[in-house]
Amino acid sequence: MGSKDETILAQQLKMQFHGTRKGDLETIESYVNRLKSTANSLAAAIGNPVSDPDLVLQLLAGLPPQYLLLKNTISSRFPLPNFSEACSMLREYEISLLGQEKTSTQSSPNSGAAAKNNSNSNNSGKSTVEMIHDIANTVTAVAPIIRDFWNALGPWSGHSSGTPAAPGNKKHYNKRRTTKNNRGGGGPSTNNSRNPSRK
């Protein structure tokens, strides 16, 4: 292979090395092995091994956002940890993330049950409101009937002010008045018939 081709290959391997990224579903172990393989190919192409700090920095650069905390912790250390130590730290952090995801997954059914209970509680409150509304409608509908019945009953019971007496009482009153007039003899025709001499 000519020197020009070797140079092109070396550039391509550098781009591949610096473009190495951990996949979303890829484990840390797989990511580390892939990065090491690319670094070995690059070292063979340029004739020099990739330095340990370059390996660590690229290892951190290819991490996804959920590793940001550990990424900042390692990159802020001086001197940088070696590649093997950095890989060990990443493996431990991966186990911690998996444990958090497992805990979150286990708590999800409980959250669903709580949401269901809240929904049932809301439905129960809604049913109570509907029952109260139905009772109010019933009272509103019955009130005119009770009022009409009371008004109809008023003349007979004497509950209403200014209500005339019952027909039976009025007839009895008129009869007593006629009897009183007849007993009193207050009519002029009767007096004239009894005292004709006064004319």
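Start with helix 1 and helix 2, which cross in a left-handed way (left-handed means the near helix is turned anticlockwise from the far one by less than a right angle, right-handed clockwise). This is a predicted model, where local features need pLDDT of at least 70, side-chain atom pairs count only at pLDDT 80 or more, and totals for chains, interfaces and linings use all residues. Residues are numbered from 1 along each chain as its sequence is written, and side-chain values use heavy atoms, with hydrogens and water left out.

Select residues 3–18 for helix 1 and 28–46 for helix 2 (helices are DSSP runs of H or I, at least four residues, numbered from the N terminus). Their axes come within 9 Å and cross at roughly 155° (axes are lines fitted to C-alpha atoms over the stretch in contact, with angles from 0 to 180 degrees between N-to-C directions). The pair is therefore roughly antiparallel (over 145 degrees).

Now show the side chains: A10, L13, K14, Q16 and F17 of helix 1 touch L35, T38, A39, S41, L42, A45 and I46 of helix 2 (contact is heavy atoms within 4.5 Å).

The crossing of helix 2 with helix 3 is right-handed. Pick Y31, V32, L35 and A39 on helix 2, and L55, Q58 and L59 on helix 3, to see the contact.

Terms used. Helices (H or I, at least four residues) and strands (E, at least two) are DSSP runs, numbered from the N terminus. Angles under 35 degrees count as roughly parallel, over 145 as roughly antiparallel, 65 to 115 as roughly perpendicular and the rest as oblique.
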